[in-house]
Amino acid sequence: MGKGFQPQDRFAGGAQYIGGRLRHGTSGCHQDVVDPATGSTVLRYELAGTDDVDAAVAAAREAFPGWSGLTPAERSEALHRFAAVLAERAEDLAYAESLQCGKPVKLSAGFDVPGTVDNASFFAGAARHLEGKAAAEYSGDHTSCVRREALGVIGSIAPWNYPLQMAAWKILPAVAAGNTIVLKPAEITPLTSLMFAQAATEAGIPDGVINIVSGAGRDAGEHLVSHPDVVMTSFTGSTAVGKRVAALATATVKRLHLELGGKAPFLVFDDADLDAAVNGAVAGALINTGQDCTAATRAYVQRPLYDAFVRGVAALMETVRLGDPFEPSTDLGPLISRQQRDRVAGFVDRARAYATVVTGGEAPGGELAAGAYYLPTLITGAAQDSEVVTSEIFGPVLVVLPFDTDDEGIRLANDTPYGLAASAWSTGLYRANRATRELRAGCVWINDHIPIISEMPHGGYRASGFGKDMSSYSFEEYTQVKHVMYDNTAVARKDWHRTVFGDR
Ligand code: NAD
């Protein structure tokens, strides 16, 4: 599995990708990319400074007329080639993603990479379905039509939890619609975003269409958001940073797309299939070591199933195998860093004062002690307004709370400022259907939790942000519509001129 891939060789030319080639950053500061499973540095690179952001935006600006001027069929053809190159590079991409994130290779090779290839295929097709509304003579004297147009240079900022998929989600709809883009990945995980951009060049996508600046949020990130030649900011990350980004983008009146944090409820009614709910809760809470904005974090279980659910989840969590991400048998990798591991441990340790840690609640020792590992953790007895129920922990921690009536369950599930994802578990059609209507989130699953698909939109309500990634809905973010009106009368004095000239 891609072990011949050496980041220091691959990125000897630098970790900035501008105008179709690698460059060294000019900020004067260095950044280490660390393998969180071992704590060892796999790449040290020069961070992007503001000059690098300016160069990337200039490259994207130069590429825009040519790229947006292609026919949809030509852009589609380039994206089909891109999907094929990504598929050819699957092993290296999965290896690099596991190396920089600590993801089990069964997750990177079985989800991140195939999802990215499928996204590229989807947008290759969708590029040919961009349309405005049909023409008609609404005023009688004119023919009106709507043109859908690309925006220009997009500035995107991505988080570290799914670096490859986040790059794909930001870049693909933007370029399929004819825009060019500068993406800033999280500075601790730049590898697969750079490889993604290199694959685009290999597929024949012109230089400057896709640029990557690997830089710190406060410097490169803020400069990209504030840049006058960038027309839109598309940001995925925490709600706190999202607020800062929104304020900066407003100063230059940019279009804004925000994909922010989450605290997804997992609502189990008393007619649910208990075994399915237990398996779904453990998988939904532990995927990507819980560093998933849609992860199951708050399970509300109707009283008759509560004890059995807690027993089942605890027993299943205790079977989960932590280990080397490159071992095919490993279920759970480390967190992204020791700092993130300590943050997660802080939430759990504080919870001991007011709740019960049923299983987990510590870092494993032995061979795993050097990595940022943390045991799958189940917490019960926490109050609805306690920190572990209200805050995004972003780790392998599930909190379970009981409820009595259906009304109460739905109210508790909705009792959060976030609204990214939710699931409801029931074998009753009407109960499940009610949950789909009343749960306030951008995605509601019934009897499952986590799956996503290229054809369907992903995006939040309320403090989880606004705008959609994936699917043809994302084109609403990355295009603008123009009303074009043709006069049909061919007369000098139009009927509406009465409002100026009177009856003369
Ligand atoms: P983060 O907000 O700390 O960082 C996200 C990105 O913003 C990084 O690239 C970072 O360098 C950059 N950044 C930081 N400060 C900045 C600033 N002042 N100006 C501009 N850019 C800045 O988030 P993270 O810790 O990397 O990722 C975890 C968060 O991302 C979680 O809250 C998670 O829920 C969220 N997330 C949301 C989605 C979604 O689809 N809604 C998907 C994945 C992750």
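Start by selecting residues 30-484, the stretch that an unreviewed UniProt entry lists as "domain: Aldehyde dehydrogenase". What you have open is a predicted model.

**Stop 1: the annotated glutamate**

Now select Glu259, which the unreviewed UniProt entry annotates as "active site". Glutamate 259 belongs to strand E10, residues 255-259. Is this residue buried or exposed? Its relative accessible area is 2%, so glutamate 259 is buried. Show its surroundings, leaving out neighbours within four places in sequence, and you will find contacts that include Lys170, Phe235, Thr236 and Gly237. Further along the chain, the contacts of glutamate 259 also include Leu420, His458, Gly459, Gly460 and Asp469.

**Stop 2**

Move to serine 234, in strand E9, which covers residues 232-236. Serine 234 has 0% relative accessibility and therefore counts as buried. Which residues does serine 234 contact, leaving aside neighbours within four places in sequence? They are Gly155, Ser156, Ile157, Lys170, His257 and Tyr478. Keep Lys170 highlighted for a moment: it is in contact with serine 234, and it is also in contact with glutamate 259.

Strand E9 comes up again when you select helix H8, residues 217-226. In H8, the residues Ala220, Gly221, Glu222, Leu224 and Val225 are buried. Their cover includes E9, together with helix H2 (50-68), strand E6 (153-157), strand E7 (180-184) and helix H9 (239-251).

**Stop 3: an open sheet**

Next, colour the strands E13-E14-E15-E12-E11-E16-E17. In that order, these 7 strands form an open sheet with mixed pairing. Strand E13 (356-359) and strand E17 (443-446) each have a single partner strand, so they stand at the edges with one side left without a neighbour in the sheet. On average, neighbouring strands of this sheet are turned by 25° against each other, direction ignored.

E13 pairs with E14 in the antiparallel sense, over 3 bridges, and here valine 357 stands opposite isoleucine 379 of E14. Helix H12 (residues 338-351) packs on the sheet and touches E13, E14 and E15. The direction of H12 makes about 30° with that of E14. Another helix to show is H15 (residues 429-438), which packs on the sheet and touches E12, strand E16 (421-425) and E17. The direction of H15 makes about 170° with that of E17.

Then zoom in on strand E15, residues 397-403. How many of its 7 residues are buried? The count is 6, so E15 is largely enclosed by the rest of the structure. Strand E14 (residues 377-380) runs parallel to E15 and is joined to it by 4 bridges; look for leucine 378 opposite leucine 398 of E15. Strand E12 (residues 296-302) also runs parallel to E15, with 5 bridges joining the two. In that pairing, valine 301 stands opposite proline 402 of E15. As a reminder for reading the picture, strands of a sheet pair through backbone hydrogen bonds, either parallel or antiparallel.

**Stop 4: two helices side by side**

To see where they meet, select Asp92, Leu93, Ala96, Glu97 and Gln100 in H4 and Leu191, Thr192 and Met195 in H7. The residues of this contact divide into 4 nonpolar, 2 polar and 2 charged.

While helix H7 is on screen, pick out glutamine 198, which is found in it. Glutamine 198 counts as buried because its relative accessibility is 15%, against a cut-off of under 20%. Apart from neighbours within four places in sequence, glutamine 198 is in contact with Arg10, Phe11, Tyr17 and Leu22.

**Last stop: an exposed aspartate**

Finish at aspartate 503, in the segment after helix H17 (498-501). Aspartate 503 has a relative accessible area of 79%, so it is exposed.

Notes. Residues are numbered from 1 along each chain as its sequence is written. This is a predicted model: local features need pLDDT of at least 70, side-chain atom pairs count only at pLDDT 80 or more; totals for chains, interfaces and linings use all residues. Side-chain values use heavy atoms; hydrogens and water are left out. Buried means under 20% relative accessible area, exposed over 50%, partly exposed in between (1.4 Å probe, protein chains only). Contact means heavy atoms within 4.5 Å. UniProt positions are given in the numbering used here, feature names are shortened, and annotations may be inferred rather than shown by experiment. Ala, Val, Leu, Ile, Met, Phe, Trp, Tyr, Cys and Pro count as nonpolar, Asp, Glu, Lys and Arg as charged, and the others, Gly among them, as polar. Two strands pair if DSSP finds at least two bridges between them. Axes are lines fitted to C-alpha atoms, for helices over the stretch in contact, and angles run from 0 to 180 degrees between N-to-C directions.
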